[in-house]
There are 2 protein chains.
Amino acid sequence: MTSEHYMKLALQEAKKAFEKDEVPVGAVLVMNNQILAKAHNQVELLNDATAHAEILALTSAFDSLGSKYLPEATLYVTVEPCLMCAGALNWSKIGKIVYGASDDKNGSHTYCHKSPFHPKTAIEKGVLQDECAQLMKDFFKSKRKNSL
Amino acid sequence: MTSEHYMKLALQEAKKAFEKDEVPVGAVLVMNNQILAKAHNQVELLNDATAHAEILALTSAFDSLGSKYLPEATLYVTVEPCLMCAGALNWSKIGKIVYGASDDKNGSHTYCHKSPFHPKTAIEKGVLQDECAQLMKDFFKSKRKNSL
């Protein structure tokens, strides 16, 4: 399967978040062409600032595999991981991270002078970035409109 | 109560981690002079790379308060937060972070060109740093000895 295929699934997750009034980020975690976890942001639902799509997908995979390391797995996520999620992905030694839109406000690159990811983790970015970014823009636009 | 008082409690948590063969980091989360959460690293026990003392203390407090923000709380932690924990603390908008030893390997300062914490979060460092650092040194020394 292509990166676009899995990113479309991550986008479906992001849309679920949008519909629930959560920041629309979605993630899919894949190993050996099998989906191990799908998740979307649940910060509001859980009242938990750590409940980002990436963290939920990672902890689900740790739990199902009984392993704290995921060197054979790939995480597809619609938006560049924040500092927290980049750090969690680093600890997981995940094999590859594929993300869609860059995040110039909260993305880890805005804080880091060197890659926050594990040296052995491959990075692919910009996959379906326009759709991923548009969803975020639409969300925050609707938020601003509602707060007027 | 002084920072040293709560850091001693965080050190007790770190020692519990040490005894369980976990990297010895402990944390105590305090609000209005009440302890909301005490936690130590449980990465090995839970097979969860995100189960750092800070994350466990934060999620416990989010859950008990029903709030994703902790502007009135202070986190005492024996070692400088890593990138993941710094990011989580940022999202929580915690009022103050007090840490003991700096971490020149995994501490967030080794990745960041600007503070990873929320602009409104006060930072105090170096509290009981020698004890906090010694515990880490002893742990990794014992690990190296066992791996010979």
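Predicted model: local features only at pLDDT ≥ 70, side-chain atom pairs only at ≥ 80, totals over all residues.

The contact between the two chains draws on 29 residues from chain B and 29 residues from chain A. The size of an interface is often given as the accessible area lost when the parts come together. Here the area buried between chain B and chain A is about 2500 Å², and carbon and sulfur atoms give 65% of it. On the side of chain B, the residues that lose the most area to chain A are B:K68, B:W91 and B:Y111, which together make up 27% of what that side buries.

Strands of a sheet pair through backbone hydrogen bonds, either parallel or antiparallel.

With β2(A) it pairs in the antiparallel sense over 6 bridges. Within this pairing, A:V28 stands opposite A:K38, and A:M31 stands opposite A:Q34. The hairpin of β1(A) and β2(A) has 2 residues between the strands, and there A:N32 takes a positive phi near 50°. With strand β3 (residues 73-79) of chain A, β1(A) also pairs in the antiparallel sense, over 5 bridges. In that pairing A:A27 faces A:V77 of β3(A) as its opposite residue.

How many of the residues of β1(A) are buried? The count is 6 of the 6, so the strand is largely enclosed by the rest of the structure. In a regular strand the side chains alternate between the two faces of the sheet. Both faces of β1(A) are covered: A:G26, A:V28 and A:V30 are buried on one side, and A:A27, A:L29 and A:M31 are buried on the other.

Part of the surroundings of this sheet is a helix. Helix α3 of chain A (residues 53-65) has 13 residues and reaches 18 Å from its first C-alpha to its last, close to the 18 Å expected at 1.5 Å a residue. Its buried residues are A:A53, A:E54, A:I55, A:A57, A:L58, A:A61 and A:F62. These buried residues are covered by elements that include β1, β2, β3 and α4 (83-92) of chain A. Just after α3(A), A:G66 takes a positive phi of about 65°.

The loop between α3 and β3 of chain A holds A:P71. This proline is partly exposed, with a relative accessible area of 48%. Although A:P71 and A:K93 are 22 residues apart in sequence, their C-alpha atoms are 5.5 Å apart in space. Leaving out residues up to four places away in sequence, A:P71 touches A:S92, A:K93, A:I94 and A:G95.

Chain B also has an open sheet of 5 strands, in the order β2-β1-β3-β4-β5 and with mixed pairing. Its edge strands are β2 (34-40) and β5 (122-125) of chain B, each pairing on one side only. Strand β4 (residues 96-101) of chain B and β5(B) run parallel and are joined by 4 bridges; in this pairing B:K96 stands opposite B:A122. Against the sheet packs α3(B), which touches β1 (26-31), β2 and β3 (73-79) of chain B, and its direction makes about 140° with that of β2(B).

In chain B, the loop between α2 (43-46) and α3 (53-65) contains B:H52. Is B:H52 buried or exposed? The residue is buried, with a relative accessible area of 12%. Beyond its neighbours within four places in sequence, B:H52 is in contact with A:W91 of chain A and with B:N41, B:V43, B:C82, B:M84 and B:C85.

The cysteines complete the picture. Over all chains the structure holds 0 disulfides. For A:C112, the nearest cysteine sulfur is that of B:C112, 4.6 Å away, while a disulfide requires the two sulfur atoms to be within 2.5 Å. A:C112 is itself buried, with a relative accessible area of 10%. B:C82 is likewise in no disulfide, the nearest cysteine sulfur being that of B:C85 at 3.8 Å. B:C82 is buried, with a relative accessible area of 6%.

Note on methods. Residues numbered from 1 in each chain as written. Chains lettered and ligands numbered in written order. Heavy atoms only, no water. Buried < 20%, exposed > 50% of the residue type's maximum accessible area, 1.4 Å probe, protein only. Pairing = 2+ DSSP bridges. Contact = heavy atoms within 4.5 Å. Expected span 1.5 Å × (residues − 1). Buried area = accessible area lost by both parts, 1.4 Å probe. Axes fitted to C-alpha atoms, helices over the stretch in contact; angles between N-to-C directions.
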